[in-house]
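Open the model in your viewer and keep the sequence panel handy.

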Amino acid sequence: MSVIEIIDIMDYVGDGKRPFVEGSEILKCNHIIEFGIKEQTKNKLVIMALCLQTSNINGHPHEVLVTKTIHEGNVKVSGSCSCKAGTGKCKHVVGVMLKLQKTSIDSLEELSCTELRQQWGKFKSIGTEMYQTIPVKNFCHVEKYISPYSETLPDVLPNNIEKIVYETLIEGIELDPNISDKF
């Protein structure tokens, strides 16, 4: 059984499409680098996660909290994030919720706030490793560009260059005999 059902995420987000689109991208890009149970009771589950910043991959990750409560059989999910948006319905929270929707409750480990922050020390280089710079020439679809202007004009031009240019220009053109004198 998954930690959170998709219908609960939809109820939380509401009518907005953007959090789902951007949260899906967070999930696809593997920006959720660590998550686990912060608190668990009979009717409440709090998940804490680390999510890489999209604007600063090597910076300190956002801390995301997702809370699932059950009251009289009704499930309610909520979230908060340390990002500047701070609405709780940001792409980071929705990304973590989507990750939890694909995660079994049995596979979650308990983590304290300090444990999660210590984990960041282990994962600090993950942004650098995931997004290392690769020169364009290393991509297989890029071929070496050969300029059509790589050949230059010779140092000495023939004396009859005007005649050669004229013949090249009018080649294949039928000229009216009355105007041929003008050329």
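Which pattern does the protein follow, read along the sequence? The order is α-α-β-β-β-β-α-α-α-α, and the secondary structure comes to 6 helices and 4 strands. Helices here are DSSP runs of H or I with at least four residues, strands are runs of E with at least two, and both are numbered from the N terminus.

Before you click further, note that this is a predicted model: local features need pLDDT of at least 70, side-chain atom pairs count only at pLDDT 80 or more, and totals for chains, interfaces and linings use all residues. Residues are numbered from 1 along each chain as its sequence is written, and side-chain values use heavy atoms, with hydrogens and water left out.

**Stop 1: the whole chain**

Colour by burial. Of the 183 residues, 32% count as buried, where buried means under 20% relative accessible area, exposed over 50%, and partly exposed in between (1.4 Å probe, protein chains only). Now show contacts, meaning heavy atoms within 4.5 Å. Among those between residues at least 6 apart in sequence, 56% join residues at least 24 apart.

**Stop 2: the core**

Select Ile4, Val64, Val66, Val93, Met97 and Leu100. Of the 27 residues in the largest nonpolar core, these touch the most other members. Such a core is a set of buried Ala, Val, Leu, Ile, Met, Phe, Trp, Tyr and Cys residues joined through side-chain atoms within 4.5 Å. At least two core residues each come from α1 (6-13), α2 (18-28), β1 (32-40), β2 (44-51), β3 (62-71), β4 (74-81) and α3 (91-101). The largest share, 6 residues, belongs to α3.

Zoom in on Val64. Not counting residues up to four places away in sequence, Val64 touches Ile47, Met48, Ala49, Cys51, Ser80, Cys81, His92, Val93 and Val96.

**Stop 3: α3 and its partner α1**

Select α3 next. Is this helix enclosed or open? 8 of the 11 residues of α3 are buried, so it is largely enclosed by the rest of the structure. To see them, pick His92, Val93, Val94, Gly95, Val96, Met97, Leu98 and Leu100. These buried residues pack against α1, α2, β1, β2, β3 and β4.

α1 and α3 pack at an angle of about 165°, with their axes 9 Å apart; the axes are lines fitted to C-alpha atoms over the stretch in contact, and angles run from 0 to 180 degrees between N-to-C directions. The two helices are therefore roughly antiparallel to each other, a label for angles over 145 degrees. In the viewer, find Ile6, Ile9, Tyr12 and Val13 of α1 meeting Val93, Val94, Met97, Leu98 and Gln101 of α3.

**Stop 4: the loops**

Jump to Asn30, in the loop between α2 and β1. Phi of Asn30 is near 60°, a positive value in a residue other than glycine. Glu72, in the loop between β3 and β4, also is not a glycine and has a positive phi of about 50°. Glu72 is exposed, with a relative accessible area of 71%.

Next, pick Gln53, in the loop between β2 and β3. Gln53 counts as buried at 17% relative accessibility. Leaving aside neighbours within four places in sequence, Gln53 is in contact with Gly59, His60 and His62.

Finish at Asp106, in the loop between α3 and α4 (113-123). Asp106 is exposed, with a relative accessible area of 72%.

Notes
Angles under 35 degrees count as roughly parallel, over 145 as roughly antiparallel, 65 to 115 as roughly perpendicular and the rest as oblique.
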